Amino acid sequence: MYKEFKYVILGAGPSGLSFAHRLLENGETSFLIVEKENIGGGLCRSKDIDGSPLDIGGGHFLDVRKKNVLDFLFKFLPEDEWNKFERISKIIIRENEIDYPFESNIWQLPADEQIEYLISISQAGCNNNKPMPDKFKDWIYWKLGNKIAEEYMIPYNNKIQSIDLDRLGTYWLYKLPDVSFRDTLESCLKKQQSGTIPAHAHFLYPKNFGYGEVWNRMATAIKDNIEFNTSVESVDFNTLVINNKYKAQIIINTIPWIELVGSIGIPDQIINEINTLEYNSIDVTYYDESVDTSAHWTYIPDESISHHRILYRKNFCANSIGYWTETNSKRSISGSNWKHTNKYAYPLNTIEKPKSINAIREWSESKFVYGLGRWGEWEHMNSDVAVEKGLNLADFLIGKL
Ligand SMILES: Cc1cc2nc3c(=O)[nH]c(=O)nc-3n(C[C@H](O)[C@H](O)[C@H](O)COP(=O)(O)OP(=O)(O)OC[C@H]3O[C@@H](n4cnc5c(N)ncnc54)[C@H](O)[C@@H]3O)c2cc1C
């Protein structure tokens, strides 16, 4: 009565696709991916807009730290099909434009501004032996001082997160650049950037396609194992039956847990934990105008402007024109330009999130349902990390059945 598989994977984004391919590499063919869209890639999908690819999940660039992940991705889009770029990203701060990260590039501002920033950083809690706070907003003041906090970090995060910043924790901040006061001082005196190199200092982008191409190829290679255009409506956690149609021995969940609250067999306490998980939504809007800049993208902290980032696709996507913006959907303004809303864009790092997601995953694994990727683990992660986690989970599970 049911179609039976050893593994049913919910979602054909980078994490689900990588998990599936690792199964295949190990000779395991009894798996199915259930995907609500008509194409694989999730947030990393691209679509042709105005004659060139546009990354509908927002600006996506590949910066892989692990060789095995890079080798895995090159199997689908070989190395010679990628261009390598040195990142050029700017921050617009009032009438000035400086490179990212802010703390390493204060030297690019007028001298009297540099003095004000340096004094402010010298007074920050981290430079005066104050303990690190538990809340994100307090942490910003503690780490960067009042001036960077109020002119850049708080307005920018108000825009992208669109949540009371006091509700966010600090456990995820290891992902942000860590520039010391000494580094900032040194960069101002030497008039050059110093301190740690930010993520994506170099990045790869497909030569002839959008970022979605690698995932599209990955999905196409296993298209007979993917049910596209099929939304996961229900999972019976007692029998591991999905949509009353597919039966699994193990389920890999890469879709937002919130999508599963109507399912069968979830205890009330776990439903409550799922309901505490929060996310934000991002609108990507295309403009065909030409902007004279060498930057790949620009951050806009000014709260009077709705979007927080501009991506100049002509500077990384061959033969393209125009740019797109990223705006938290709560701040988005209507207009006639092409727009795509990513309902699930960023999992929010609320103070209570680690406790909730740990409880959910611990319970679900006892039912042979494994959370994987950005939504299964409810964690900001780049696509290379989603791939790595998919490969690792498959390695862990292979042979268990
Ligand atoms: C604005 C932005 C910029 C980013 N920039 C970068 C970058 O520069 N570099 C980088 O490496 N990463 C970047 N990322 C992160 C990257 O998008 C994620 O790491 C990656 O997409 C995670 O893959 P995933 O498979 O875990 O989740 P997703 O890509 O979200 O895939 C989940 C899949 O589940 C499907 N799904 C959801 N609900 C259902 C349902 N009910 N039924 C069936 N299917 C469902 C979705 O359609 C999707 O295909 C960025 C993310 C955002 C939002």
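The chat below covers a few helices of this predicted model.

Q: Start with α5. Which residues are buried there?
A: In α5, residues 181-190, the buried ones are D183, T184, S187 and C188.

Q: How are they arranged around the axis?
A: Looking down the axis of α5, the buried residues fall within an arc of 130°, so they line one face of the helix.
A helix of this kind has 3.6 residues a turn, so residues three or four places apart point the same way.

Q: What does the face turned away from the buried side carry?
A: Exposed residues: R182, L189 and K190.

Q: And what do the buried residues of α5 pack against?
A: They pack against α3, residues 111-122.

Q: How do α3 and α4 cross?
A: Their axes come within 6 Å and cross at roughly 120°. α3 and α4 are therefore oblique to each other.

Q: Which residues make the contact?
A: From α3, E113, E116, Y117, S120 and I121; from α4, L144, G145, N146, K147, I148 and E151.

Q: What's that by class?
A: The contact of α3 with α4 has four nonpolar, three polar and four charged residues.

Q: Switching to α1. How many of its residues are buried?
A: Ten of the twelve, so to speak mostly covered. Among the buried ones are L17, F19, H21 and R22.

Q: What span should α1 have, and what is the end-to-end figure?
A: At 1.5 Å a residue, the twelve residues of α1 should span 16 Å, and the end C-alpha atoms are 16 Å apart, which agrees.

Q: What comes just after α1?
A: G27 takes a positive phi of about 80° there. Following α5, K191 also has a positive phi, near 55°.

Terms used. Residues are numbered from 1 along each chain as its sequence is written. This is a predicted model: local features need pLDDT of at least 70, side-chain atom pairs count only at pLDDT 80 or more; totals for chains, interfaces and linings use all residues. Side-chain values use heavy atoms; hydrogens and water are left out. Buried means under 20% relative accessible area, exposed over 50%, partly exposed in between (1.4 Å probe, protein chains only). Helices (H or I, at least four residues) and strands (E, at least two) are DSSP runs, numbered from the N terminus. The arc is that of the directions from the helix axis to the C-beta atoms. Contact means heavy atoms within 4.5 Å. Axes are lines fitted to C-alpha atoms, for helices over the stretch in contact, and angles run from 0 to 180 degrees between N-to-C directions. Angles under 35 degrees count as roughly parallel, over 145 as roughly antiparallel, 65 to 115 as roughly perpendicular and the rest as oblique. Ala, Val, Leu, Ile, Met, Phe, Trp, Tyr, Cys and Pro count as nonpolar, Asp, Glu, Lys and Arg as charged, and the others, Gly among them, as polar. The expected span of a helix is 1.5 Å times one less than its number of residues.
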